[in-house]
Amino acid sequence: MTSSSWSRAAFVAAVGDAVRAPSIHNSQPWRFRYRADAIDVLVDPSRALPACDPTGRAARVSCGAAAYNLMLALAAGGAPARYTTGIGATVVRLTPAAPRPPTPAEQRLHRQIGRRHTNRAAFADTPVEPAALAALTEAAHAEDGWLEVVTGDRLDAVAGLVRAADRELTADAAYLAELRAWTSEADHRVEGVDRQAAGAAQHPGELLARRDFGGAAQDTTHDLARAPVVAVVGVAGDGPADETRAGMMLQRVLLTAADLGLATAMYSQPIEVPAVRARLRDLLGRPDLPQLVLRFGYAPTTCYTGRRPVADVVDVGDG
Ligand SMILES: Cc1cc2nc3c(=O)[nH]c(=O)nc-3n(C[C@H](O)[C@H](O)[C@H](O)COP(=O)(O)O)c2cc1C
């Protein structure tokens with residue numbers, strides 16, 4: 001079968017799934033190009049966040065997550081893709097693979113695309129079973145990544161690094177201005193993090209310092225970020241193509257969590273401060289720089305953030 005297996009309609013429908021991916025500050029830093037022989041996922045430089053993401057790492061992670069959704073959607077339609085990373089501004093190029101019915105795993109994960117969301121609320125104290133942790137670890141391995149659960153002293157040390165990084169970031173006026181620009185409720189209904197998604201304001205005593213998206217202060221002593229499970233994820237290497245693959249790995253982990261009924265919160269402050277990121281790597285005793293800190297647990301759905309219309313992010317000109 002040729003690339004004509006992906007009609008423009010199938011492309012547009014798959015992009016509808018792709019844009020449900022998580023992205024740094026819900027900046028949606030992606031574009032999707034329909035070509036005669038391929039689909040390209042590109043970073044959109046006009047969506048850059050120079051203060052918190054000066055190298056474009058988080059944008060590439062976000063685009064990798066969107067590309068993962070795109071591939072799942074195409075596979076669910078019986079026309080799967082192969083991918084190549086890192087061709088100039090094109091972070092991922094998809095080309096048609098041999099048609100086949102979707103696997104049960106692909107169907108399950110595909111069904112979670114619209115259900116997954118970032119949850120910044122308190123999680124229940126219900127423990128997460130070892131089988132679920134094994135499934136999350138396996139999801140990272142399946143995309144050539146790693147997921148390491150941290151407990152005890154190592155969890156305390158990770159929490160200390162999240163707080164140290166958050167302090168350093170929030171001391172920077174440019175970082176704060178950028179964060180505020182992406183959290184203004186009125187203007188950002190199709191992008192950015194609104195007040196409802198932000199959750200309550202950071203509590204000084206909470207274990208893992210959540211990024212402050214401007215949520216209202218809460219009169220509570222309950223630790224909203226209490227951690228049934230905290231994990232750090234990464235991939236081998238830290239070049240641009242590795243960052244894209246990290247996004248694919250991240251999305252597989254997040255969709256697997258959703259399929260297991262788990263809520264997820266993300267913490268990238270310790271990744272955004274290079275010295276703290278190196279300390280986190282050393283703490284884990286790994287050669288690779290980590291890509292994100294995640295918290296998993298059981299919690300009701302909070303809310304879904306908006307997305308820009310598909311028409312705003314596709315280029316079907318030369319298909
Ligand atoms: C690379 C990356 C880093 C992120 N870092 C954080 C973070 O530090 N704190 C946070 O609350 N959410 C973080 N997020 C989650 C985004 O804010 C979230 O995906 C976005 O607002 C869209 O909302 P949704 O995930 O509910 O669809 C991150 C997401 C990505 C892809």
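Q: How many bridges join β3 to strand β4, and do they run parallel or antiparallel?
A: This is a predicted model, and what follows is read from it. Six bridges join β3 to β4 (residues 90-96), and the two strands run antiparallel. As an example of facing residues, A81 stands opposite P96 in β4.

Q: In which order do the strands of this open sheet come?
A: The open sheet has five strands in the order β3-β4-β2-β1-β9, and their pairing is mixed. The strands at the edges are β3 (81-87) and β9 (314-315); each has a single partner strand, so one side of each is left without a neighbour in the sheet.

Q: Which helix packs on the sheet and touches β1, β2 and β9?
A: That is helix α1 (residues 8-18), which touches β1 (30-34), β2 (39-43) and β9. The direction of α1 makes about 165° with that of β1. Another helix, α2, lies across β1, β2, β3 and β4 and runs at about 160° to β2.

Q: Where is S23 found, and is it buried or exposed?
A: S23 is in the loop between α1 and β1. A residue counts as buried under 20% relative accessible area. S23 has a relative accessibility of 15%, so it counts as buried. Not counting residues up to four places away in sequence, S23 touches Q28, P29, W30 and S62.

Q: How do I read the sides of a helix?
A: Start with the general idea: an α-helix has 3.6 residues a turn, so residues three or four places apart point the same way. Now take helix α10 (residues 274-284), whose buried residues are V276, R277, L280 and L284. Seen down the axis of α10, these residues fall within an arc of 105°, so they line one face of the helix. On the other side of α10, the residues P274, A275, R279 and D282 are exposed.

Q: What covers the buried residues of α10, and which residue follows the helix?
A: The cover includes α2 (57-76), β5 (145-150), α5 (152-170), β6 (229-235), α9 (269-272) and β8 (292-297). After α10 comes G285, which has a positive phi, near 65°.

Q: How many of the six residues of β5 are buried?
A: In general, the side chains of a regular strand alternate between the two faces of the sheet. In β5, five of the six residues are buried, so this strand is largely enclosed by the rest of the structure. β5 is joined to β6 by six bridges, and the two run antiparallel. Here G145 stands opposite V235 in β6.

Q: In which strand does T264 lie, and what is it in contact with?
A: T264 lies in strand β7 (residues 263-267). It is buried, with a relative accessible area of 6%. Leaving aside neighbours within four places in sequence, the contacts of T264 include H117, T118, N119, F123 and L254. Also among them are A257, L294, R295 and F296.

Q: Which residues around the ligand come nearest?
A: Of the 21 residues around the ligand, the nearest are R116, T118, R120, S268 and R307. For R116, a polar side-chain atom lies 2.8 Å from an oxygen atom of the ligand. For R211, a polar side-chain atom lies 3.2 Å from an oxygen atom of the ligand. In the case of S268, an N or O atom of the side chain is 2.8 Å from a nitrogen atom of the ligand.

Definitions and conventions: Residues numbered from 1 in each chain as written. Predicted model: local features only at pLDDT ≥ 70, side-chain atom pairs only at ≥ 80, totals over all residues. Heavy atoms only, no water. Buried < 20%, exposed > 50% of the residue type's maximum accessible area, 1.4 Å probe, protein only. Helix = DSSP H or I, 4+ residues; strand = E, 2+ residues; numbered from the N terminus. Arc of directions from axis to C-beta. Contact = heavy atoms within 4.5 Å. Pairing = 2+ DSSP bridges. Axes fitted to C-alpha atoms, helices over the stretch in contact; angles between N-to-C directions. Near = heavy atom within 4 Å. Polar contact = N/O pair within 3.5 Å; in protein donor to acceptor, adjacent residues only side chain to side chain.
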